Amino acid sequence: MNNFRGLIFGAVLFLGIGNTTQGQAQGGAAEIQLSLSELIERALQENYQIRIVRNTERTAANNNTRGNAGMLPEVNITAQRRTSVNNSQQQFFTGDSQEANNAKSTATTANMEANWIVFDGLAMFARKEQLAQLQQLSKADTRFFMEQTVADLASTYYQLQQENQLLSAYRESLDVSQERLSFTERSYELGNSNMLDVQLARVDCNTDSALIVSQLAQIQELTIVINRLINRDLVAPIQTTDSIQLSPNLELPALAASARTNNASLNQQQLAELIAISEVDIRKGALFPEVELYGSFGFNRQANEVGFLQSNRSFGPEYGIRVRFNLFSGGREEVQRQNSLIQVETEQLRTEDLILETEASLQVAYARWQSRVRQTELEQQSLAAAQEALFIAQRQYELGALTNVDFRLIQLNVVNANTRFLQAQLLAKQRELELLRLSGRLLEGGW
């Protein structure tokens, strides 16, 4: 009897402080203690999706050059050596004739040419600006993926931490049920209980064991998700070290102000709008003449075994200016310019819509966060009341004033209260992470 009382006291004590302790995963490979900041640091370096978008960012940076915008000259060198062998028969007006078999003719040419478009309606400057904007958009894409990865990793990490605590709670509940089964079997042997009580106690033990099996599977799934995000052995066990700490100072006005300037999706859309504006300037360039400077230096040499000239050689520079102006091409340039203006209007509407959507999402997330924080406080109070009820039930059970069924219901009430408290705390933390992501402050820390 004293052992049973002590075990129940230990279980209640554990359930009371379960939200600040760590559960141990099933044996096998040694667990590695990893803090959330360590996991995030590794994910930002090793996650495949982030590495892919960083390569895309590098490509955009490589493309952002003056040469790629058409602002620099183009220089080409060509060289050729040509040989021909012909059978020739020539008859002149003077009556003379000339005939040759297998007459060889060789020609050597070399040329260096430079072309430089110095004016194209300022389209080259618009292209350079657009390339810079595309580079910034690629950086924004990288930041977006980083925020998504951090949010997913932090949420899964805290869920794993909570599931470990639930696992420990289920194991403590199983210990209580096993001790109750032993107590009931001894009572049956002494004639103080019946077989129905024994069988009910055995059913409760099996129920608690099944909960543990299910919980271990849930922990394994979360471990695989985390290892996938940090590019690690998928089944390598993880022992969490950080417990959930809810932020007490999240203010909606400050979050909204931060979202207007730092929200990743909004930044992406604002850059898309700027890119569309640059496209209009590029299309305007087609309405102006194009001015090109050119210059070349050539060398030509020819040698013939038959014909009018035995040899010929020339070399020297050539330079000048070209002006091209498209007078009419079926109106294609104007159509493209009009379409680019429509695209600018479309992107502006998307920006306004996304601003409104971001504000709405922030309002909803903040309301949900407040609700979850309040639920967490209520569930914590419920857990304290359930613990007190279990202490009272234990004394009544020892005196025989409480049936096995009633005691089991009170025991499960403590487990369920602890489960609801942990779930409410996790949901509150997930809403907090969502607020940080929407406001663009997630990568600053404070997870």
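These legends walk through several close-up views of the structure. The model is a predicted one, in which local features need pLDDT of at least 70 and side-chain atom pairs count only at pLDDT 80 or more, while totals for chains, interfaces and linings use all residues. Residues are numbered from 1 along each chain as its sequence is written, and side-chain values use heavy atoms, with hydrogens and water left out.

**View 1. The four-stranded sheet.**
Let us begin with an open sheet whose four strands run in the order β2-β3-β5-β6, with antiparallel pairing. Strands (E, at least two residues) and helices (H or I, at least four) are DSSP runs, numbered from the N terminus; two strands pair if DSSP finds at least two bridges between them. β2 (74-91) and β6 (311-324) stand at the edges with a single partner strand each, so one side of each has no neighbour in the sheet. From one strand to the next, the twist averages 15 degrees; the axes behind such angles are lines fitted to C-alpha atoms, for helices over the stretch in contact, and angles run from 0 to 180 degrees between N-to-C directions.

**View 2**
Look for Gln-90, whose bridge partner in β3 is Gln-98, and for Gln-89, which stands opposite Glu-99 in β3. Five residues lie between the strands of this hairpin, and Gly-95 takes a positive phi near 100 degrees in it. Asn-102 is placed in strand β3 and has a positive phi of about 55 degrees although it is not a glycine. Asn-102 is also exposed, at a relative accessible area of 56% (exposed means over 50%, buried under 20% and partly exposed in between, with a 1.4 Å probe and protein chains only).

**View 2. β5 and its two partners.**
With β3, the antiparallel pairing of β5 covers 14 bridges.

**View 3. The largest pocket.**
About 350 Å³ of space lies in this pocket. Its lining has 24 residues, and the closest to the centre are Ile-117, Asp-120, Arg-127, Gly-285 and Glu-290. Two or more lining residues come from each of β3 (97-119), α4 (123-189), α7 (264-285), β5 (290-304) and α8 (332-398). By type, the lining divides into 10 nonpolar, six polar and eight charged residues. Ala, Val, Leu, Ile, Met, Phe, Trp, Tyr, Cys and Pro count as nonpolar, Asp, Glu, Lys and Arg as charged, and the others, Gly among them, as polar. On a 1 Å grid over the protein atoms alone, a pocket is an open set of points where a 1.4 Å probe fits, with protein on both sides within 12 Å along at least five of seven lines, and lining residues have an atom within 4 Å of a point. Grid points are joined across faces, edges and corners, and the volume is the space filled by probe spheres set on the points.

**View 4. The largest nonpolar core.**
Which residues touch the most other members of this core? Of its 57 residues, they are Leu-153, Leu-362 and Leu-435. The elements that give two or more residues are α2 (36-46), α4, α5 (195-229), α6 (252-262), α8 and α9 (404-438), and the largest share, 14 residues, comes from α4. A nonpolar core is a set of buried Ala, Val, Leu, Ile, Met, Phe, Trp, Tyr and Cys residues joined through side-chain atoms within 4.5 Å.

Leu-122, in the loop between β3 and α4, has a positive phi near 65 degrees in a residue other than glycine. Asn-68 is found in the loop between α3 (48-63) and β2 and is partly exposed, with a relative accessible area of 45%. Its C-alpha atom is separated by 8.6 Å from that of Leu-131, 63 residues apart along the chain. Gly-446 belongs to the segment after α9 and is exposed, with a relative accessible area of 60%. Gly-446 and Ser-37 are 409 residues apart in sequence, yet 9.8 Å apart in space, C-alpha to C-alpha.
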